[in-house]
Amino acid sequence: MIRLAVFGHPVAHSRSPALHRAFAGQASVDLDYRAIECRAGALAEALADFAAAGGRGCNLTVPLKEEGARLADRRSAAVSISGAANTLVRDGDAWTADNTDGAGLVADLDRLGIDVSGRRVLVVGAGGAAAGVLPAVAARGPAALHVVNRTAQRAEELAARIQADDVALRGSGFEGIGDSGFEVILQATSLGHDGKVPPLDPAWLAGGAVAYDLNYGDAHGPFADWCAERGVACHDGIGMLVEQAALAFERFTGFRPETGPVHEAMRRG
């Protein structure tokens, strides 16, 4: 029996348990994977309880990715750069943190035919979700990469923390964005869980711009509606969820599952 979990708040909506059960079927392993509600500040205790019950690894979602990175005993390069973790693996008495979000996102962008190389990219949000994907997006060589956030300082600090050779990378608040002509927008806030959208100005977008929301399900609805009303093509984060989960499952078990059939199953609900 492999005991895994996803921690977050809210977490009842998470499709991670279904994903990992599908992967376990491919690997022919006996899996116990649960969604565990955990508020910010409570992760250390929750992880201790989980480890005591035999937990072998876990995923982290909003709002725990940065907290998880701080609590880990060891960190992958992706976590060290981004300061955010979505995957923790138990090794003896220690937790090793990794982040598969960035690789999962670019894999899904490739699947969708969305190329950020040489294009102007706007990342909305500067929390753990944005931090986790920003290094991988920067590595694809966009012409410009701008992080915008309600708190300008947080966006500026995140942009400064990411190593991005030959990429014009900056951060700002919404009121100080100053740029336009963005061809790709990556929506990485959790506002959709509260039925809200970030204060975006359509004038910032180039004609034919495409949007990708890291959220899915009900949390994707508000941003999807915003895009539809303005004629902006928009994709939800189900594909990223599948791809990053497959990478996490490999970290947990050593088995790399096939994602194609799981993409189809997730779309069917």
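Phenylalanine 50 is buried in this predicted model, with a relative accessible area of 7%. This residue belongs to helix H2, which spans residues 43–52.

**Phenylalanine 50**

- Because residues under 20% relative accessible area count as buried, the value of 7% places phenylalanine 50 in that class.
- Leaving aside residues up to four places away in sequence, phenylalanine 50 touches Arg3, Leu4, Ala5, Phe7, Ile36, Gly55, Arg56, Gly57, Cys58 and Trp95.
- One of these contacts, arginine 3, lies 47 residues away in sequence, yet the C-alpha to C-alpha separation from phenylalanine 50 is 9.0 Å.

**Crossing of H5 and H6**

- Helix H5 (residues 101–112) and helix H6 (residues 128–139) have axes that come within 7 Å and cross at roughly 55°.
- H5 and H6 are therefore oblique to each other, and H5 passes H6 in a right-handed crossing.
- H5 contributes Asp101, Gly102, Ala103, Leu105 and Val106 to the contact, and H6 contributes Gly132, Val133, Ala136 and Val137.
- The residues of the contact of H5 with H6 comprise six nonpolar, two polar and one charged.

**Crossing of H5 and H9**

- The axes of H5 and H9 come within 7 Å, with a crossing angle of roughly 130°.
- This angle makes H5 and H9 oblique to each other, and the passage of H5 across H9 is right-handed.
- On the H5 side, the contact is made by Asp101, Ala103, Gly104, Leu105, Ala107, Asp108 and Arg111; on the H9 side, it is made by Gly239, Met240, Glu243, Gln244 and Leu247.
- By class, the contact of H5 with H9 holds five nonpolar, three polar and four charged residues.
- Asp101, Ala103 and Leu105 of H5 take part in the contact with H6 and also in the contact with H9.

**Crossing of H1 and H9**

- The axes of H1 and H9 come within 10 Å and cross at roughly 55°.
- H1 and H9 are therefore oblique to each other, and their crossing is right-handed.
- From H1, the contact draws on Ser16, Leu19, His20, Phe23, Ala24 and Ala27; from H9, it draws on Leu241, Val242, Ala245, Ala246, Ala248, Phe249 and Phe252.
- The contact of H1 with H9 has 11 nonpolar and two polar residues, with no charged residues.

- Ala155, Leu158 and Ala159 are the buried residues of helix H7 (residues 152–161).
- These three cover an arc of only 100° around the axis, which puts them on the same side of H7.
- Gln153 and Ala160 are exposed on the face of H7 turned away from the buried side.
- The cover over the buried residues of H7 includes H6, strand E8 (144–149) and strand E9 (168–173).

- Helix H10 (residues 260–268) has Val262, His263 and Met266 as its buried residues.
- Viewed down the axis of H10, these residues fall within an arc of 105°, so they line one face of the helix.
- Pro261, Glu264 and Arg268 are exposed on the other side of H10.
- Among the elements covering the buried residues of H10 are helix H1 (16–27), H5 and helix H9 (238–253).

**Backbone sites**

- A cis peptide bond, with omega near 0°, leads from histidine 9 to proline 10; proline 10 sits in the loop between strand E1 (2–8) and H1.
- The peptide bond from valine 62 to proline 63 is likewise cis, with omega near 0°, and proline 63 is located in the loop between strand E3 (57–60) and helix H3 (65–71).
- Serine 28, a residue other than glycine, has a positive phi near 55°.
- Serine 28 is part of the loop between H1 and strand E2 (31–37) and counts as exposed, at 67% relative accessibility.

Terms used. Residues numbered from 1 in each chain as written. Predicted model: local features only at pLDDT ≥ 70, side-chain atom pairs only at ≥ 80, totals over all residues. Heavy atoms only, no water. Axes fitted to C-alpha atoms, helices over the stretch in contact; angles between N-to-C directions. Helix = DSSP H or I, 4+ residues; strand = E, 2+ residues; numbered from the N terminus. Parallel < 35°, antiparallel > 145°, perpendicular 65-115°, else oblique. Left-handed = near helix turned anticlockwise from the far one by under 90°. Contact = heavy atoms within 4.5 Å. Nonpolar A, V, L, I, M, F, W, Y, C, P; charged D, E, K, R; others polar. Buried < 20%, exposed > 50% of the residue type's maximum accessible area, 1.4 Å probe, protein only. Arc of directions from axis to C-beta.
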